[in-house]
Each structure stands twice: as C-alpha cells, then as structure tokens.
Amino acid sequence: MMQPEHEAVRGLSIGLTHVGCVRDENQDAFFCDESKGIFAVMDGAGGMKGGAIASNLVKDALTTIRMPLSAVDLLDQFEGRVIDAKEQIERASTNANGAAMGTTIAALLTFDSNFACLWAGDSRVYRFRSGQMEQLTTDHTEVQELVDQNVLTEEEARNFARRHVITRAIGSGLDLELELVSGNLRAGDRFLLCSDGLTGHLEDAVIETFLMEGAQRSAARGLLDGALEKGGTDNVTVVIVDIDRISRGEGEAR
C-alpha cells in the first residue's frame with residue numbers, strides 16, 4: 001500500500017537557566033526531550049522553596065512520557081502528566097501545612113510536521129520564522145487582561161504595579177486550565193521558550209535581534225546575559241528549539 005507523502009522534522013534544542021542577580025534560589029526549571037518532541041519552561045511561585053518544588057514536580061512528570069505514537073497521543077500524554085503533577089503539588093502543599101505552591105508552564109510539543117503550544121501563566125513561546133518573530137502565547141496576567149480591555153496601554157502596562165500577578169498556573173487551590181495553539185512546522189523555524197525573568201528585562205525587538213543569531217548557543221547565551229546585564233531581578237530561563245528536516249517520505253510500497 002502506498003503511504004502518503006510526508007515530512008518528518010526534529011527539534012534541536014538548548015536550555016539555560018540562571019538564578020539571576022537578586023534571588024537566592026532558582027525556582028525556574030526546564031525540560032527538553034528532542035527524541036519525543038517535548039520542550040517546556042516552568043517558573044515556580046511560592047515561599048519557602050514552594051515554587052522550586054512545584055516547577056520540578058512538573059519537570060519530573062514530563063520525564064515519564066512514553067515515546068508518542070501520534071500527535072494526539074503526545075498531547076494526551078502531556079495533558080495527563082500535567083494533571084498528575086498538579087495532584088502532586090496539592091499533596092506537597094498539604095504536607096507543608098497548606099503553603100502556596102504553583103508554577104507557570106510554557107510548552108512546545110512537536111510530532112512530524114505538527115506543533116502545539118500549551119501554557120498557563122506568563123512564561124512565553126515565540127516563533128522566529130522567515131526573519132520575523134511572533135509571540136504565540138498570551139500572558140495569563142491581570143495586566144494583560146487590562147490591556148485586552150483597553151483599560152491600560154502597552155506603555156502603562158510596563159509600569160503597572162501588579163504586572164506580575166498571574167491568573168493561571170499549575171498549583172495548589174487553583175483550577176487547571178491550559179491554553180493551546182497549534183500549527184504546522186517548517187524546516188528553519190526557531191522557537192524560544194522563556195520565563196518572565198527574560199521578558200521582564202528585554203523588549204521583543206531586542207529578543208528578536210538575538211534570535212537572528214545563527215548559532216543556537218550564542219543566541220541563548222546572549223539572551224540570558226542580556227537579562228542579567230539589565231539587572232536580573234528574577235530567575236531567567238531560556239530554551240531555544242531549532243526545527244530541522246530529517247526525512248521526506250515520497251510514498252513507499254508495503
């Protein structure tokens with residue numbers, strides 16, 4: 001039987017994280033599994049190590065995803081592991097006398113020529129394609145809601161006192177609600193996943209300039225160092241995923 005023509009792609013990735021210049025603990029975490037097409041950044045929130053516990057529980061849950069059989073299977077497994085992680089965070093919170101624990105997530109899933117971005121909170125996913133950068137996620141924050149309602153301008157939002165208050169997360173006492181966008185991959189696509197420790201210091205135009213850098217490690221290091229040079233007031237995490245075509249099926253007899 002003839003198989004339909006298809007393209008298979010893979011994501012080549014690099015992840016960097018830094019505690020920053022002010023914080024004593026890094027509550028960010030990231031996860032990359034190129035073979036399964038899973039990439040994620042988590043930014044924990046909560047006192048007394050609660051944020052680090054939450055972000056790493058999500059990271060650990062993602063490590064248990066099996067090799068996916070399809071894009072749907074990958075998505076189902078991912079969502080199931082996030083639910084498992086939320087339950088583990090709830091238990092950890094109870095064991096810590098009800099201490100608040102939670103984490104954002106920004107994830108990129110790739111299978112064949114398909115991708116999906118899933119997120120909760122203000123960690124972001126950008127795509128750099130054909131020389132232009134696009135933000136694929138929308139922040140789940142109070143300030144973004146006010147911008148969407150035309151209550152605040154973008155300029156006012158940058159100085160808004162509650163700009164870091166998130167409205168969605170994976171955490172104790174919170175409803176779990178992930179937002180999703182999906183589409184097709186192209187060879188040459190570059191994705192950036194990052195915590196708000198990066199976007200809180202670097203404007204999109206500056207981020208885009210770094211993503212134009214051909215070498216993946218240089219681009220990631222430039223972004224991280226740029227945030228630190230601007231003050232590094234938060235933990236900073238960046239993951240860059242470059243999409244590379246590895247095969248093209250022209251229809252094989254079976």
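In which helix does Gly 197 lie? In this predicted model, Gly 197 is part of helix 5, which covers residues 196-199. The residue counts as buried because its relative accessibility is 1%, and the cut-off for a buried residue is under 20%. Not counting residues up to four places away in sequence, Gly 197 touches Ala 227, Asp 234, Asn 235 and Val 236.

The protein chain as a whole contains seven helices and 12 strands. Of its 254 residues, 48% are buried. The accessible surface of the chain is about 12400 Å², and carbon and sulfur atoms account for 48% of that surface. When contacts between residues at least 6 apart in sequence are taken together, 70% of them join residues at least 24 apart.

The packing of two helices was examined next. Helix 6 comprises residues 204-211 and helix 7 comprises residues 216-229. Their axes are 8 Å apart and form an angle of about 155 degrees. Helix 6 is therefore roughly antiparallel to helix 7, as angles over 145 degrees are placed in that class. On the side of helix 6, Ile 207, Phe 210 and Leu 211 take part in the meeting of the two helices. Their counterparts in helix 7 are Ala 219, Gly 222 and Leu 223.

Most residues other than glycine have a negative phi. Asp 112, however, has a phi near 50 degrees, a positive value in a residue that is not glycine. Asp 112 is located in the loop between strand 5 (105-111) and strand 6 (114-120). Its relative accessibility is 35%, so Asp 112 counts as partly exposed. Ser 130 likewise is not a glycine, and its phi is positive, at about 50 degrees. The loop that holds Ser 130 runs between strand 7 (124-129) and strand 8 (132-135). Ser 130 counts as exposed because its relative accessibility is 68%, the cut-off for this class being over 50%.

Gln 27 is placed between strand 1 (6-18) and strand 2 (28-33), in the loop that joins them. Although a loop residue, Gln 27 counts as buried, with 12% relative accessibility. Beyond its neighbours within four places in sequence, Gln 27 is in contact with Met 42, Asp 43, Gly 44, Ala 45, Gly 46, Lys 49, Gly 50, Gly 51, Ala 52, Ser 55 and Asn 235. Asn 235 is also among the residues that Gly 197 touches.

Met 67 belongs to the loop between helix 1 (50-62) and helix 2 (71-95). With neighbours within four places in sequence left aside, the contacts of Met 67 are Ser 35, Lys 36, Asp 73 and Gln 77. Met 67 and Gln 77 are 10 residues apart in sequence, and 9.7 Å separates their C-alpha atoms.

Residues within strands were also examined. Ser 182 is found in strand 10, residues 179-184, and is exposed, with a relative accessible area of 54%. Its contacts, apart from neighbours within four places in sequence, are Phe 115 and Ala 116. Ser 182 and Phe 115 are 67 residues apart in sequence, but their C-alpha atoms are 5.5 Å apart in space. Asp 242, in turn, is part of strand 12, residues 236-249. Asp 242 is buried, its relative accessible area being 16%. In sequence, 53 residues separate Asp 242 from Asp 189, whereas in space the two are 6.0 Å apart, C-alpha to C-alpha.

Lys 59 lies over the face of Phe 30, at 6.0 Å from the centre of the ring. For pairs of rings whose centres lie within 6.5 Å, the count is one aromatic pair.

Conventions: Residues are numbered from 1 along each chain as its sequence is written. This is a predicted model: local features need pLDDT of at least 70, side-chain atom pairs count only at pLDDT 80 or more; totals for chains, interfaces and linings use all residues. Side-chain values use heavy atoms; hydrogens and water are left out. Rings of Phe, Tyr and Trp (its six-membered ring) pair if their centres lie within 6.5 Å; planes under 30 degrees apart count as stacked, over 60 as edge-to-face and the rest as tilted. A charge sits over a ring if NZ of Lys or CZ of Arg is within 6 Å of the ring centre and within 35 degrees of the ring normal. Helices (H or I, at least four residues) and strands (E, at least two) are DSSP runs, numbered from the N terminus. Buried means under 20% relative accessible area, exposed over 50%, partly exposed in between (1.4 Å probe, protein chains only). Contact means heavy atoms within 4.5 Å. Accessible areas come from the Shrake-Rupley method with a 1.4 Å probe; for residues, only the protein chains shown count as cover. Axes are lines fitted to C-alpha atoms, for helices over the stretch in contact, and angles run from 0 to 180 degrees between N-to-C directions. Angles under 35 degrees count as roughly parallel, over 145 as roughly antiparallel, 65 to 115 as roughly perpendicular and the rest as oblique.
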